[in-house]
Amino acid sequence: MVEPIFDFQFRLILIGDSTVGKSSLLKYFTDGKFAEVCDPTVGVDFFARLIEIQDGVRVKLQLWDTAGQERFRSITKSYYRNSVGVLIVYDITKRSSFEHLEDWIAEAKFYIEPHKAVYLIVGHKCDMEEQRAVTPKEGRQFARKHGLEYLETSAITGQNVEESFSGVAREVYRLMERGEIQIQEGWDGIKNGYSRPRESFQLEEGEPESGGCC
């Protein structure tokens, strides 16, 4: 018999302006704590975590952290195509990062289509309420305008970090069940999982028990 290590692999990408906190979000999600020091991403960085999106369904998330600086865009564009989930992150204390969301969405869809993906708008650093430059209402309205979901997160308090990633994964799986997203050869957005031999403590037929006396 075999026991699946995970049933599916989903590839998610984080995009958004530089310094909005994409790396901090990923490190909290994968390590469970805030990273006091977070060096700027150069090109693309990679993380991974196994989650259970519903009873008995385990998914490995391949998480790609992209640099927001313009000079790295030619590198990061090649990672869009094979993504089935996109977290578009802005900093609630930096209005310019919110104003650039339109460009990030357009760029992601341009490179991902004709493949289908799940998108989430993420307003990050919601622990910095006194410095807020974008209201929650504005974030929700923007997401609604584009037919997307919206969450505010904090890599310091952990607010909605888990839900951001697991929510995207659950929606991908829901669309898979409905046949709207499918595993396709040559596309790495979704892959089948891997299995390993199950450890068995049962005796083979006819094998004597060990460890007893007499």
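Okay, let's start at asparagine 160, which sits in the loop between β7 and α6. When I say helix or strand, I mean DSSP runs numbered from the N terminus, H or I over at least four residues for helices and E over at least two for strands. Asparagine 160 isn't a glycine, yet its phi is positive, about 60°.

Quick housekeeping. This is a predicted model, so local features need pLDDT of at least 70 and side-chain atom pairs count only at pLDDT 80 or more, while totals for chains, interfaces and linings use all residues. Residues are numbered from 1 along each chain as its sequence is written, and side-chain values use heavy atoms, with hydrogens and water left out.

Back to the backbone. Lysine 125, in the loop between β6 and α5 (136–145), is another non-glycine residue with positive phi, near 70°. Then there's a cis peptide bond between glutamate 113 and proline 114, with omega about 15°. That proline 114 is in the loop between α4 and β6.

Now the helices. The axes of α1 (residues 22–31) and α6 come within 9 Å and cross at roughly 85°; axes here are lines fitted to C-alpha atoms over the stretch in contact, with angles from 0 to 180 degrees between N-to-C directions. So α1 is roughly perpendicular to α6, a label that covers 65 to 115 degrees. Who touches whom? From α1 we have Leu25, Leu26, Tyr28 and Phe29, meeting Val161, Glu162 and Phe165 in α6, where contact means heavy atoms within 4.5 Å. By class that's 6 nonpolar, no polar and 1 charged.

Last stop, the largest pocket. It holds about 390 Å³ of space. Of its 20 lining residues, Val118, Tyr119, Leu148, Glu149 and Glu171 are closest to the centre. A pocket, on a 1 Å grid over the protein atoms alone, is an open set of points where a 1.4 Å probe fits, with protein on both sides within 12 Å along at least five of seven lines, and lining residues have an atom within 4 Å of a point. Which element gives the most to the lining? That's α6, with 6 residues. α4 (101–112), β6 (118–124), β7 (149–153) and α6 (161–177) each supply at least two. The lining has 10 nonpolar, 4 polar and 6 charged residues.

Definitions and conventions: Grid points are joined across faces, edges and corners, and a volume is the space filled by probe spheres set on the points. Ala, Val, Leu, Ile, Met, Phe, Trp, Tyr, Cys and Pro count as nonpolar, Asp, Glu, Lys and Arg as charged, and the others, Gly among them, as polar. Angles under 35 degrees count as roughly parallel, over 145 as roughly antiparallel, 65 to 115 as roughly perpendicular and the rest as oblique.
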